[in-house]
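Thanks for coming. I have one structure to go through today, and I will keep it short. Please have a look at the model before I start.

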Amino acid sequence: MPGRILVVDDVATNRLILKAKLAASYYDVIEADCGQAAFDTARKEQPDVILLDIMMPDMDGYEVCELLKACPETSHIPVVMVTASSAPKERIRGLSVGADDFLVKPINDKALFARVRNLLRVKIMFDELKLRDSTSRELGLSEFLEPGDGAERENDTVMLAPATKGQGDVWRERISRMPNVEVIGTCSEREALNMARLEQPDAIIVHQRLMEDGDSLRLISALRARPETRQAVMIYIVSDGAIETAAKALDLGTSDYVMEPFEPEELIIRLRTQLQRKHYSDQLRSNMRDGLKMAVIDPLTGLYNRRYATQHMQKIVDRAKESGNDFAVMMMDLDRFKLINDTVGHDAGDMVLKEFALRIQENVRGVDLIARMGGEEFLVVMPDAGSMVAKHVSERLRRAVESKPFVTKDGVELNITVSIGVAIASSTNCEPSALIKRADLALYAAKSGGRNLVSFHEAA
Ligand SMILES: [Mg+2]
């Protein structure tokens, strides 16, 4: 997983040392020697991670970080601040301007590489999600989606796995003050695993030393491996100075860590940042799922579209070949539909199509495939159905349209009828496009026979 890293430091020797370490692990390293150069280079070169010195003559690291986070071209690039001091106040200040983490000089190699790997993983995931999101938008798959609205989101559940009961109480008290957050506590590794499965928490805070001699690293990797908690935020609380354990936790998939002793504020800021990131990636994922759904669903009626129907028919065919059972293909077309659009308008026309879709759904079986093939033309495919069943169902559908007027929102009653063409497929005569063609021929026969009719195409 090589990546491009921007090293920012006003002292050439510091840059050289970092560059040598990173280049030895095959990272592509670029440099900047002051704040302004850092900002310009980041915009131009789009690095994957920025290692940012705090003490610099022109602008300090905090100012540079603020600039980077405020600029749309660079706001997504993770920033790690490199500092001579490990004072909690400085960490809080850095986190508040958008930094992802801190490394204290002299830099511990394991901490450096574990953090760089962690940030690269996150960035690659986001880049991929954003890419897919933009592709669905370009394909027009997202045009029906509402923009993400945080107001409707449920509360986030934060699960605690502290070292002692007292510590758990302190965390709970502080985290409960965050808006839209619910806190649940656990007292052992085993309980944490069970509760995570039941409650599916959005975030999990794990102390290095768990109660009842649990193994915190084992807990983290187990939670990461499970589908219920794969996307959860995980924050690891590291006992005094155990930087190498922190590095291991990052490699096992924890999202972030906090070193003891820490100000509660630091934990809160890190938790909030990670939760915001999770909300954003959840949103991108659900856009994508909805976008994919839009690719196969007709937005007006909620039925499958032609693309899905032709694809799915092949599956029905394959199954029929296995079972040896017949199946039925029905093509339906509302009679004189154009007249409705022309006389009472397109809104009424849309209402008729929606209502027709409902009446079809009410009159076929759950296993039947229903699709809108375009305009006022609909398809029903009935697996394991011979001509007897098909006759019965198609006649029932015809009556379901004829027997009850369609009522527009202005109260106008429209008497509508449907013509239906049916083809019965046997396991030896069931090529999808040929079947649709046969059903279409039967449909033409129903139309020319006077409409409001069911017509069967007899296999040659
Ligand atoms: Mg400096």
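Predicted model: local features only at pLDDT ≥ 70, side-chain atom pairs only at ≥ 80, totals over all residues.

The protein has 460 residues, and 50% of them count as buried. In terms of secondary structure, there are 15 helices and 18 strands. The radius of gyration is 31 Å, whereas a compact globule of 460 residues would come out near 23 Å. Along the principal axes, the C-alpha trace spans about 90 × 50 × 50 Å.

On contacts, take pairs of residues at least 6 apart in sequence: 67% of those contacts join residues at least 24 apart. The accessible surface is about 22400 Å², with 52% of that belonging to carbon and sulfur atoms.

Now the metal site. Which residues coordinate the magnesium ion? The donors come from Asp-10 (OD), Asp-53 (OD) and Met-55 (O), at 2.0 to 2.2 Å. Along the chain, these donors follow the spacing D-x42-D-x1-M. The two aspartates link distant parts of the chain, being 43 residues apart: Asp-10 is in the loop between strand E1 (4-8) and helix H1 (12-24), and Asp-53 is in strand E3 (residues 49-53).

Is Asp-53 buried or exposed? Asp-53 has a relative accessible area of 2%, so it counts as buried. Asp-10, at 30%, counts as partly exposed.

Next, helix H7, residues 189-199. Its buried residues are Glu-189, Ala-192, Leu-193, Met-195 and Ala-196. As a reminder, an α-helix has 3.6 residues a turn, so residues three or four places apart point the same way. What do the buried residues of H7 pack against? Their partners are strand E6 (156-161), strand E7 (181-185) and helix H8 (216-225).

Most residues other than glycine have a negative phi, and most peptide bonds are trans. Here are some exceptions. Gln-46 has a positive phi, near 45 degrees. Gln-46 sits in the loop between helix H2 (35-45) and E3. With 33% relative accessibility, Gln-46 is partly exposed. Asp-213 also has a positive phi, near 55 degrees. Its place is the loop between strand E8 (203-207) and H8. Asp-213 counts as exposed because its relative accessibility is 76%.

Then the cis peptide bonds. One runs from Lys-105 to Pro-106, with omega near -5 degrees. Pro-106 is in the loop between strand E5 (101-104) and helix H5 (109-138). Another runs from Glu-260 to Pro-261, again with omega near -5 degrees. Pro-261 falls in the loop between strand E10 (256-259) and H10.

H10 itself covers residues 264-296 and contains Ser-286. How far apart in space are Ser-286 and Asp-133? Their C-alpha atoms are 9.8 Å apart, while the sequence separation is 153 residues. Ser-286 has a relative accessible area of 22%, so it is classed as partly exposed.

To recap the site I would look at again: magnesium, with donors from Asp-10, Asp-53 and Met-55. That is what I had.

Methods:
Residues numbered from 1 in each chain as written. Heavy atoms only, no water. Helix = DSSP H or I, 4+ residues; strand = E, 2+ residues; numbered from the N terminus. Rg over C-alpha atoms; globule rule 2.2 N^0.38 Å. Buried < 20%, exposed > 50% of the residue type's maximum accessible area, 1.4 Å probe, protein only. Contact = heavy atoms within 4.5 Å. Areas by Shrake-Rupley, 256 points an atom, 1.4 Å probe, with all protein chains shown as cover. Donors = N, O, S within 2.8 Å, 3.2 Å for Na, K, Ca; no water.
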